[in-house]
Amino acid sequence: MPSDREYNGLLLDYYGELLTKHQQEILDEYYNEDLSMNEIAENYLISKSAVQDLIKRSLVQLKDYEKVLKLIEKDKKLDLIIEDMKKENNELLDSFVKKIEKIR
């Protein structure tokens, strides 16, 4: 089970393109570049509380997308199915696994 920070990063990976460019940039700096809220605030010449509020509101949006679309949940289930298929040692299943992994 990923930590909250890791899960939020996943949300950003899956649904980030649905956010505004500004939201994407700030969340990217916070989750992927590991900048502090103070550093981000300095970069954008805004207050730390503005950064904190933007991150909080953006995460609500991202979590709402996951509630509806369930892409992360479906991907986890697919991972489990692929792992089970790999254990079977069957040529047909192996070819399916390879095709699925190419898509991803």
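Leaving aside neighbours within four places in sequence, which residues is Asn 8 in contact with? They are Tyr 31, Leu 59 and Lys 63, where contact means heavy atoms within 4.5 Å. Before going on, a word on the ground rules: this is a predicted model, in which local features need pLDDT of at least 70 and side-chain atom pairs count only at pLDDT 80 or more, while totals for chains, interfaces and linings use all residues. Residues are numbered from 1 along each chain as its sequence is written, and side-chain values use heavy atoms, with hydrogens and water left out.

Asn 8 lies in helix H1, residues 4-15. Helices here are DSSP runs (H or I, at least four residues), numbered from the N terminus. With 10% relative accessibility, Asn 8 counts as buried; the cut-offs are under 20% relative accessible area for buried, over 50% for exposed and partly exposed in between, using a 1.4 Å probe and protein chains only.

Over in helix H2 (residues 21-32) you'll find Leu 27, which is buried at a relative accessible area of 0%. Not counting residues up to four places away in sequence, Leu 27 touches Leu 12, Leu 19, Asn 32, Ile 55, Ser 58 and Leu 62. Its C-alpha atom is separated by 19 Å from that of Leu 71, 44 residues apart along the chain.

**Tyrosines**

A pair of aromatic rings is described by the distance of the centres and the angle of the planes. Rings of Phe, Tyr and Trp (its six-membered ring) pair if their centres lie within 6.5 Å; planes under 30 degrees apart count as stacked, over 60 as edge-to-face and the rest as tilted.

| Pair | Centre to centre | Between planes | Type |
|---|---|---|---|
| Tyr 14 and Tyr 15 | 6.2 Å | 40° | tilted |
| Tyr 30 and Tyr 31 | 4.9 Å | 85° | edge-to-face |

Tyr 14 is partly exposed at a relative accessible area of 31%, whereas Tyr 15 is buried at 1%. Together with Tyr 65, Tyr 14 and Tyr 15 form one aromatic cluster.

In the other pair, Tyr 30 counts as buried at 17% relative accessibility, and Tyr 31 counts as buried at 13%.

**Positive phi in two loops**

Leu 45 is not a glycine, yet it has a positive phi of about 55°. This residue is found in the loop between helix H3 (37-44) and helix H4 (48-69), and it is exposed, with a relative accessible area of 78%. Lys 70, also not a glycine, has a positive phi of about 55°. Lys 70 sits in the loop between H4 and H5 and counts as partly exposed at 32% relative accessibility.

**H5 against H6**

Helix H5 (residues 71-87) and helix H6 (residues 91-103) pack at an angle of about 145°, with axes 9 Å apart. Axes are lines fitted to C-alpha atoms, for helices over the stretch in contact, and angles run from 0 to 180 degrees between N-to-C directions. From H5, the contact is made by Leu 78, Ile 82, Met 85 and Lys 86, and from H6 by Leu 93, Phe 96, Val 97, Ile 100 and Glu 101.
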